[in-house]
Amino acid sequence: PAPSTSTLPSLHLLSILIHSPSSPACTHSTLYILSLNSISKNAEQTMPPKKVKKVMTLPINVIFSHLQSKTRVRIWLYEDAKTQIEGQIIGFDEYMNMVLDDAVEIGKERKEVGRILLKGDAITLLQEAQPPARPQPEQ
């Protein structure tokens, strides 16, 4: 027998528009939200039905949150795994090109490079920079 539609997971579409203040054009993205209904009536009787909603996080939103919160980020470079760039994001585009302020090149030694434009294809990983460890005061 074919399963009833009440026992099958249902897929809902959520269509959103992302407006960028630097660009008059809108980016259209579609998010898929999966909600699982109860699988059997026996399961409904023993435990309440749960709805699972997972929303995809877009990379542009992660970058935009670092821009808004003005946090320092550390960027691992694609071609040179021994060198990383740390700075504050002050701008980016759809290609993940980024403008970093107060940038520091971290390799064998730290080298201040100021404001830079980093091409998106050179980026392997972006993470929040760890604040420098503060020495503990002696008691």
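**Fold and salt bridges of a predicted protein chain**

Along the sequence, the elements of the protein chain come in the order β-β-α-α-β-β-β-β-β. That makes two helices and seven strands, taken as DSSP runs (helices H or I, at least four residues; strands E, at least two) and numbered from the N terminus. The model is predicted, so local features need pLDDT of at least 70 and side-chain atom pairs count only at pLDDT 80 or more, while totals for chains, interfaces and linings use all residues. Residues are numbered from 1 along each chain as its sequence is written, and side-chain values use heavy atoms, with hydrogens and water left out.

Of the 139 residues, 23% count as buried; buried means under 20% relative accessible area, exposed over 50%, and partly exposed in between (1.4 Å probe, protein chains only).

Side chains of opposite charge can pair when their charged atoms come close. The whole structure holds three salt bridges, each a side-chain nitrogen of Lys or Arg within 4 Å of a carboxyl oxygen of Asp or Glu.

Glu86 pairs with Arg72, their closest N and O atoms lying 3.5 Å apart. Glu86 is in strand S4 (residues 84-92) and Arg72 in strand S3 (residues 72-77), 14 residues apart. Glu86 is buried at 7% relative accessibility, whereas Arg72 is partly exposed at 29%.

Glu86 also forms a salt bridge with Arg74, at 3.0 Å from N to O. Because Arg74 lies in strand S3 and Glu86 in strand S4, this pair ties together parts 12 residues apart in sequence. Arg74 is partly exposed, at 24%.

Arg115 and Asp101 form another salt bridge (3.4 Å, N to O). Shared partners join Arg72, Arg74 and Glu86 into one network of salt bridges.
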